Amino acid sequence: HDYADKASSGKPAKGAAAPVEGEPAQAVEYEDLSQIRKTIARNMSRSKQNAAHMTVMDEVEIAELVRIRNRYKEKYKEKGVKLNYRPFVLKATAMSLKKHRQLNSELDLDNDRMIFKRYYNIGIAVDTEKGLVVPVIKNVDRLTIFELAEKTAEIAQKAHDGELTMEDMKDGTFTITSYGSIGGQFAQPVINYPQAGLLGVGRILKKPVVNDHDQVVPGHILPLSMSVDHRIVDGGEVSRFI
């Protein structure tokens, strides 16, 4: 319903600004909210209203990870699987969650207790034409890098094709969002409430770094942004996790 349709009665549409003199009547365009956009809006509002957000940012040098990925990517390609960095981040996150149970938990204020999850289901935020969706990879701690590469590719394709089911998106205990492929470095990600934390992964950059011998050498830097519910997790725990 564009403005021209609403303006035919001689008065502006409800909630719309009156047209500026000299501007075309089609200065405003209306589009109904999609179901997925309404869901995103509700979830984001719920998260910001209920959780005490805090974000810690850091950079890590990943030259060894780059070497390992380059070593195996051709072997994976021969098996029909593309190897990017996401499976490594998923695996490292799951193993770290085992050491830091506060970040794999949920606050149950109604019953004055904490709920610590002993399973590691990690949601991966996927940017699609219809909006952001968060399918969940179940039991990440039990999967190999190869299995994770297969599953992440499969779930990302389902997301882009609009074929995700409710089963694909439930029971997550933690979330990872990767905006680096678009170009971002750091962010203040919004927690996937009621989860305790979310890890944002930025774009890998090649930068000069100082090695253990005080020499300046080329390095691969991965920017990380970790948002947590500060009611559950303290800053020291976040830093140790990263």
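How many helices and strands does the secondary structure of the protein chain come to? The answer is 6 helices and 10 strands, where helices (H or I, at least four residues) and strands (E, at least two) are DSSP runs, numbered from the N terminus. The model is a predicted one, in which local features need pLDDT of at least 70 and side-chain atom pairs count only at pLDDT 80 or more, while totals for chains, interfaces and linings use all residues. Residues are numbered from 1 along each chain as its sequence is written, and side-chain values use heavy atoms, with hydrogens and water left out.

Confidence is a friendly place to begin. The predictor's confidence in each residue, called pLDDT, runs from 0 to 100. Its mean over the protein chain is 90, and 90% of the residues reach 70 or more. Over residues 1-11, however, the pLDDT is below 50, and this stretch has 18 contacts in the model beyond near neighbours in sequence. A contact here means heavy atoms within 4.5 Å.

The chain as a whole comes next. Of its 242 residues, 36% are buried; buried means under 20% relative accessible area, exposed means over 50%, and partly exposed lies in between (1.4 Å probe, protein chains only). The accessible surface of the protein chain is about 14,900 Å², and carbon and sulfur atoms account for 48% of that surface. Such areas come from the Shrake-Rupley method with a 1.4 Å probe, and for residues only the protein chains shown count as cover. Among contacts between residues at least 6 apart in sequence, 60% join residues at least 24 apart.

Helix α4 (residues 86-99) packs against α5 at an angle of about 115°, with the two axes 9 Å apart. Axes are lines fitted to C-alpha atoms, for helices over the stretch in contact, and angles run from 0 to 180 degrees between N-to-C directions. The crossing of α4 and α5 is right-handed, a term used if the near helix is turned clockwise from the far one by less than a right angle, with anticlockwise giving left-handed. On the α4 side the residues are R86, P87, F88, L90 and K91, and they meet I145, L148, A149 and T152 of α5. By class, this contact has 6 nonpolar, 1 polar and 2 charged residues; Ala, Val, Leu, Ile, Met, Phe, Trp, Tyr, Cys and Pro count as nonpolar, Asp, Glu, Lys and Arg as charged, and the others, Gly among them, as polar.

Helix α5 (residues 145-160) also holds A153. This residue counts as partly exposed because its relative accessibility is 44%. A153 is 72 residues from V81 in sequence, yet their C-alpha atoms are 8.1 Å apart in space.

The loop between α5 and β7 contains T165 and D171. T165 is partly exposed because its relative accessibility is 38%, and its C-alpha atom is 8.8 Å from that of P135, 30 residues away along the chain.

Some backbone details deserve a look. Most residues other than glycine have a negative phi, and most peptide bonds are trans. D171, although not a glycine, has a positive phi of about 70°, and D171 counts as partly exposed at 44% relative accessibility. D112 is also not a glycine and has a positive phi, of about 50°. D112 sits in the loop between β2 (105-108) and β3 (113-116) and is exposed, with a relative accessible area of 70%. The peptide bond from Y193 to P194 is cis, with omega near 10°, and P194 lies in the loop between β7 (174-178) and β8 (197-201).
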